[in-house]
Amino acid sequence: MKNLLASLMAGILIIPACTQSNEVNINLKYDQNISLEYHEVIDAYTQLSDYYPEARLVEMGKTDIGKPLHLFMISGDRDFNPESIRKKGKSIVLINNGIHPGEPEGIDASIQFSWDLLRNKDNLKSYLDSVVIGIIPVYNIGGALDRSKYYRTNQNGPIYNGRRRNARNLDLNRDFSKQETQNARSFANIFLYLNPDVFLDTHTTNGSDHQYTITLIPTLHSKLDSSMGEFFHDKMLPDLYERMKENSEYEMIPYIRMRNYYGDIRDGIMAYDDHPFYSTGYTALFNCYSFMTENLVYKYFPDRVRSVIDFLTQLIGFTHDNCSEIRQLKDQADSKIKDQQEFHLAWQIDMSYSEDLLFKGYEYVRPEPSERMTSRGYFDHDRPWTDTIPFFTKYDPVLTVTKPWAYIIPQAWTDVVNKLRNNEVWVYRIVGDTELRVQNYYIEDSERSQRANQGHYINQNVEVRLVEQDMPYYSGDYVVITNQHANKYIVEMLEPHAPNSYFAWNFFDPILESHDFYSVRAFEGELMEMLEKDEALRAEFEKRKEEDQEFADNSMLQLRYIYERSPMYEIERYNGLYPVARLMQEPDDLNIKAVEGPVGDLD
Ligand SMILES: [Zn+2]
């Protein structure tokens, strides 16, 4: 851990306080329906960092547009070292803004909130006795630099909006786990460096229409460590909704994912299955209470910004008031995860279970189709309603694996090892060529997605066969022992049938091509001779012919059948073989050497 911290600290560029200004002069414009431009955002945080000793702005890593990712921190006792902050029993909250720069309310809200807190408006500074705050001012810098009044056209402000995708035309909120952008790699470094207790990612949504300005997507409580999940579901979430109701003019509601997309909200809404490629799904893998705020596009921008300011206040307030419990549960989970044996990799909603939710909607009107247009409904703002609706919140695991003692990754796949290392995964290398008894997956079946997704045609509905066998490994191959803080990430990404694995995202696609082409006819003589000599095989063969007419009529199938039972078939061992193996027990005589802290790429 020391190595990582030292290297990361060395990589941090602290913005020098060159002009110790006498005052802070930030011109926020959200009241005029304007979101600050990127350079104005960085200027605002630079001013706060220069003026207030409790604030610090640092550059941490690159983004795809070439500009650095910034982290702004507020720490009451001016200690900015996460390890030492945690030792003092304080909580760390990380806020990410501008991932979709056309959804900018969090950008302006975070500046307003930071400034208010630092100047101790409403005694906000008292939160700093137990909470340290980290803010990523703008995550998708490339998208933020490209503004237009025609982006997000159905959104009620601000006047100018950034672009959703980043400089590589990827949606950063699909890239958290596979990390194909510099932005995502830098985010992982910041996130794991801070190891925050609470994480918030700010967004805007157009999925529905109702009376609320702000909605919330929490990570699925069932995906968290059990004690954390219980606290999250039973205490933290109800309390946050209650605090917003009591202390803000913007009451908050869970994000609206309708049970019937073209139906009525009264039919119910469903909790969101936040896969690890989303911000909340990824951060929750590391025992973090994770949220996305989703503001409603039809509400006016200034109101949306104020609702986020209010939520930040309540979120930090809750964290402050419950700091010791939050810290205790996370510390326990961080320790438990290293010994956890079973991991759930896919989930299905249980539609037989729901909770009651008091909801304030608008009547949906479906006009008769006209001659020129097909019927399109709208929400009638003159007809509000309040009703109790079902909220489906329970997800059950549908794919569970037991972790091996270690995964073995042949060095041909070092690019994958580097991805793991970027997530604080520690690796060893085998010293000397060896043979190991391992479990290997064979890919029996998988489907390519029809539509491109983030430049990928994802492998889905993956079916695997697990085989135990002796396999050769060579000096320098990698061993990933599953006793780590990153265990959930390791298992999610390396089990090939997990819906979000590296295999799903095409990083192992060459293995889906078959190895050698040959004709079994070329071996016909040898195969027939083998059949002659092997009485048991012959009996089995004849029996099959009797039972299976297609087999009896097809000489090619028959030759293939004998071939698959011949020593020549050994060549096929590599067909469909997923190269990452599961080593179930620590071997007595395995010679491995630790690779230095997970910083920098191996080659
Ligand atoms: Zn968004």
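Colleague: Buried means under 20% relative accessible area, exposed over 50% and partly exposed in between, with a 1.4 Å probe and protein chains only. So which is Phe 232, buried or exposed?

Modeller: Phe 232 is buried, since its relative accessibility is 0%. This is a predicted model, where local features need pLDDT of at least 70 and side-chain atom pairs pLDDT 80 or more, while totals for chains, interfaces and linings use all residues. Residues are numbered from 1 along each chain as its sequence is written, and side-chain values use heavy atoms, without hydrogens or water.

Colleague: How many aromatic pairs are there?

Modeller: The count is 36 aromatic pairs. Rings of Phe, Tyr and Trp (its six-membered ring) pair if their centres lie within 6.5 Å; planes under 30 degrees apart are stacked, over 60 edge-to-face, and the rest tilted. Tyr 139 and Phe 176 are stacked, because their centres are 5.8 Å apart and their planes at 25°. Both Tyr 139 and Phe 176 are buried.

Colleague: And what do Phe 232 and Phe 291 form?

Modeller: A tilted aromatic pair, 5.4 Å from centre to centre with 50° between the planes. Phe 232 is in helix H7 (residues 226-247) and Phe 291 in strand E10 (residues 289-296), so the pair ties together parts 59 residues apart in sequence. Helices (H or I, at least four residues) and strands (E, at least two) are DSSP runs numbered from the N terminus. Phe 291 is buried too, at 0% relative accessible area.

Colleague: In what order do the three strands of the open sheet run?

Modeller: E9-E13-E12, with mixed pairing; two strands pair if DSSP finds at least two bridges between them. E9 (269-270) and E12 (355-365) are at the edges with a single partner strand each, so one side of each has no neighbour in the sheet. E12 pairs with E13 (residues 378-392) in the antiparallel sense over 11 bridges. Tyr 362 is opposite Pro 384 in E13.

Colleague: Last one. Where does the charged end of Arg 119 sit?

Modeller: Over the ring of Trp 115, 4.0 Å from its centre. The rule is NZ of Lys or CZ of Arg within 6 Å of the ring centre and within 35 degrees of the ring normal. Arg 465 lies over the face of Tyr 442, at 4.8 Å from the ring centre.
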